[in-house]
Amino acid sequence: MRYKIPMRVSEAQQAFFAARRPRKDSPHTTDAYRRDLAGITTLLLREQGRSPDELTVEMLTAQALRNAFGAFADTHAKSSVLRAWSTWNQFLTFCVSDGLLAGNPMGAVARPKAPPLTPKPLRGEETPEQLLAAAADGSRRTRDPWPERDVLVIALGLVAGLRAAEMRALTTRSLVGRQGEMRLHVHGKGSRDRSIPVQPIMEKIIEEYLASCRRRFAQQRFGPSTPLLRDRAGEPIGRGALEYLVKSCYRWAGLHDRVPVGANLHALRHTFATRLAEDGATASEIMALLGHASLATSQNYIEATGREQRAAAASNRTYRALDGIV
């Protein structure tokens, strides 16, 4: 099916986002999609010497897209190219289903091989405990220390495995259940809600944090839908501020060299999952607690513990010879 009047790419992209509204994508996901579409569109316009009003869906040929993605790959990392490829594949699949294109040309556009998903937990057996102790002691030297908040943020990563967006989505009523049997209700990625059991000590940490909020912001009312995590002005904490908080905790605790490159806050979540695997949790249990969409993702943590590899290496007969000479 073809439109009598060719649709502009900009209009098709607007229709694409309108069609995705029932999916309830997070603002972060929508912004990433918009950046990917805009980045390649800019290169398409440059390659073809056209204005935005002149670029129609019919011009999205395999050759045009190959040229644009080639130029994009010259200045972007493999992960960025892979993400942009996925976004455009979804967009052009929509165009096909809506009758704007006869077929999806992305099959003719090369894409990088997806890198293996490797967990990046904090290095060092006692590092999580040292990080929590430093945060509780107020080691993050600021003009206005707030150890109650620092401990809560670190704990939400280490004992609940929350992502940054999930932490920011928590409200004062996210902790539910009877005393001693509380659960943390989390609005997760891809609108996959989950409920994480927490121990009484976590209840106490949240209570002490809320008490500190009431002292700091006496004029504010903290209702059941109030965002839980706050910045120093009493406003809901931003993504950048949350990342900076965690990075500062590492630095002031003297543990910044134990954080895998590029992990930062996410290293807390990976540490939570890795410790679950080391203590015998199954892939399905890890999947439920972390809110993974795929069981294969959860299986990565079990494989990363290397328990089977360690056992196989230990069975090497040469070890017996070493025992005899040392």
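**The interior of the model**

Leu156 is in contact (heavy atoms within 4.5 Å) with Gly161, Leu162, Met167, Leu170, Leu184, Met202 and Leu229, leaving aside residues up to four places away in sequence. Apart from it lies another core, of 30 residues, including Leu45, Val57, Phe91 and Leu101. A nonpolar core is a set of buried Ala, Val, Leu, Ile, Met, Phe, Trp, Tyr and Cys residues joined through side-chain atoms within 4.5 Å; buried means under 20% relative accessible area, with a 1.4 Å probe and protein chains only.

This is a predicted model, in which local features need pLDDT of at least 70 and side-chain atom pairs count only at pLDDT 80 or more, while totals for chains, interfaces and linings use all residues. Residues are numbered from 1 along each chain as its sequence is written, and side-chain values use heavy atoms, without hydrogens and water.

The largest nonpolar core has 43 residues, and Leu156 is among those with the most contacts inside it. H6 contributes the most to this core, with 7 residues; helices are DSSP runs of H or I with at least four residues, numbered from the N terminus.

Helix H10 is largely enclosed by the rest of the structure, because 11 of its 14 residues are buried. Among them are Leu265, Phe272 and Leu276. Gly280, with a positive phi near 100°, follows H10.

Finally, a disulfide is a pair of cysteine sulfur atoms within 2.5 Å, and the count is 0 disulfides. The sulfur of Cys249 is 15 Å from the closest cysteine sulfur, in Cys213, and therefore too far for a bond. Cys249 counts as buried because its relative accessibility is 5%.

How values were computed:
Buried < 20%, exposed > 50% of the residue type's maximum accessible area, 1.4 Å probe, protein only. Helix = DSSP H or I, 4+ residues; strand = E, 2+ residues; numbered from the N terminus.
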